[in-house]
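This report looks at how one chain is built and how two chains meet. The sequence and structure come first.

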2 protein chains.
Amino acid sequence: MRATLMYKAGDVRIENVLDAAIRQPTDAVIRITRACICGSDLWPYNGGPNVEGQRMGHESIGVVEDIGSDVQRIKRGDVVVMPFAYSDGTCLFCNEGLQTACVHGGFFGTGGEVGGAQAEALRIPQADGTLFALPVGEDDALMPSLLTLSDVMGTGHHAAVSANVRPGDSVAVIGDGAVGLCGVIAARRLGAEQIIIMGRHPDRIALAREFGATDVVSERGEAAIARVRELTGGLGAHSVLECVGTQQAVHTSVAIARPGGAVGRVGVPHYEAVPAARETFYRNVSVAGGPAPVRAYIAELLADVMEGRIEPGRVFDRTVGLDGVPDGYRAMNEREALKVMVKP
Amino acid sequence: MRATLMYKAGDVRIENVLDAAIRQPTDAVIRITRACICGSDLWPYNGGPNVEGQRMGHESIGVVEDIGSDVQRIKRGDVVVMPFAYSDGTCLFCNEGLQTACVHGGFFGTGGEVGGAQAEALRIPQADGTLFALPVGEDDALMPSLLTLSDVMGTGHHAAVSANVRPGDSVAVIGDGAVGLCGVIAARRLGAEQIIIMGRHPDRIALAREFGATDVVSERGEAAIARVRELTGGLGAHSVLECVGTQQAVHTSVAIARPGGAVGRVGVPHYEAVPAARETFYRNVSVAGGPAPVRAYIAELLADVMEGRIEPGRVFDRTVGLDGVPDGYRAMNEREALKVMVKP
């Protein structure tokens, strides 16, 4: 079968690899019908730790082709969404809804024995706990939005939950990438009254407004901080969704939270420490978040996707086949594309 | 009247100062019947920022002697407890229960126009919002416990609330000072099943056990972290109460929180940044806390003090008059005394 491998910064290739196959009785194998490229895939693409030959991709929808002897809940032929982390669904963390800490869990597309979703097929460990069977056919018109339940919509929602968004709140969203835009959807969905999107790309800002953003801050650095304070009556935002992961972004996030406010971090941290320990202390600002337990959020968000109340699939602005994946990385990296869908 | 002033590190004096008097129509003046020395008073005592002649003390119970023309709720003769921060009781933050962010608020005993409580009397700004009238006489036997509602019991409770302590949880308390011990009380009161006190002083550990601590970790550094993990089935604690404020303490706090756990910080931070930004992210550990809005907690905690369900006043192990205050600082600083009560 064909799959996406990254060799080093900027070097993404489609290669023939061994077919995905059952290894453990709890595994399933899915034929990938939709996958996509994630903003976090761009970190190694721009030179991170050594990724020599790493299988890429951690978001997909597929059709179950085979199941191991212990799989009971998932059946051949199911159309399933795959969270970016696999999880057994039974451990204490899964029971608490923190599947990204599952004691038998792990992450797709990060190397090792588990493959990536930018491929024709994928072995799914812990299939019963990991996969969520969708009530649609494999070419349903809602596929783009359903695919976001695999990561970006669940991650934007986790940012909002971690930042304690409540009805009537003012919310600032740092980052106009797909996760930030899904954060806007999530904030609105949870009842935020003011939603400030911080970004500069005109198309993304326009989409953020359609998703519910009420204000736009395109300034950078200290000017951006001052502008958010001004827009929030001098107080700062109740909730800040940090959807970038840089030192500058986390600095901004803690600076624009109001007293008693909360920062929800979902951008993979490329910084060592959370700055301004005294300032956050004196203002009683909390900092939470991490890898989103998207598995826990699928049922809740799925209902809104099925009813058309949210349309996170609009973050996809390009579709490619597997051969188009390397150029898809390039296009996302150059911000020519917001988020690229892959139809293997 | 006589009051406590700190001149520089180690130099605490009792001096005659101008009598406390009404300055604003929202002020009250109280005659101090009980005050105390706080662990945070020891920071300047050991050489912090310049404190030349600063009035000290931010915890007291007193009797209202005079009120300004706009004071309506508080009356002359009321026996009142004074939170360490004053607050108007009407602003948006006070309405949210975050009185330590009051837009007309501030802190006692930190210099400037507002005096300190280690004195014969004190002017109370925003008397209606700040003071809480107690249902007891000025020499009630419960005075020690009632006095802790001014700071340490409310602060220990805030640590527990910020660390999201819930029934059945495992809780680690960093620090065996008065706040840490009150944190043990708070954790037990909120239903924690396992309470690990981290400290080394035998008398304090013994008191912590009486307050409800189930385990003691007397190791330091990495050994302490390993021991807490061992005591919590390898997972770490659901909730960590950081009641010290040093770099080492905050490092330990984030290291011993389990996935999905929370750190509640109430130790005044003597560090610049919250370390381990990646580790806390990957484990979805939240960090919250700050100056406790003790005013918000008095009613709830008072009920338990009055009924004898909690006895935080047991943290006091020495009582002095005003003349004994300088030696009280010395004794607390040398850990000869746990917490010193002052009867002016």
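## Domains of chain A

Into which domains is chain A divided? In this predicted model, chain A has domain 1, made of 2-151 + 293-342, and domain 2, made of 153-289. The centres of domain 1 of chain A and domain 2 of chain A, taken over C-alpha atoms, are 26 Å apart.

## Contact between the domains

Domain 1 of chain A gives 19 residues to the contact, and domain 2 of chain A gives 16 residues. On the side of domain 1 of chain A that touches domain 2 of chain A, helix α11 (residues 294-306) of chain A supplies the largest share, 5 residues. That side of domain 1 of chain A consists of 11 nonpolar, 3 polar and 5 charged residues.

## Contact between the chains

Chain B and chain A meet in a contact that takes 26 residues from chain B and 26 residues from chain A. Three elements of chain B give two or more residues to the side that touches chain A: β15 (257-265), α10 (277-282) and β16 (286-289). Sorted by class, the side of chain B that touches chain A has 15 nonpolar, 6 polar and 5 charged residues.

## Relation of the two copies

Two copies of a chain are related by a rotation about an axis and a shift along it.

Why can the copies be said to meet through the same surface? Because 100% of the interface residues of chain B are also interface residues in chain A.

Key
Residues numbered from 1 in each chain as written. Chains lettered and ligands numbered in written order. Predicted model: local features only at pLDDT ≥ 70, side-chain atom pairs only at ≥ 80, totals over all residues. Domains from an automatic or database assignment. Contact = placed C-beta atoms within 7 Å. Helix = DSSP H or I, 4+ residues; strand = E, 2+ residues; numbered from the N terminus. Nonpolar A, V, L, I, M, F, W, Y, C, P; charged D, E, K, R; others polar.
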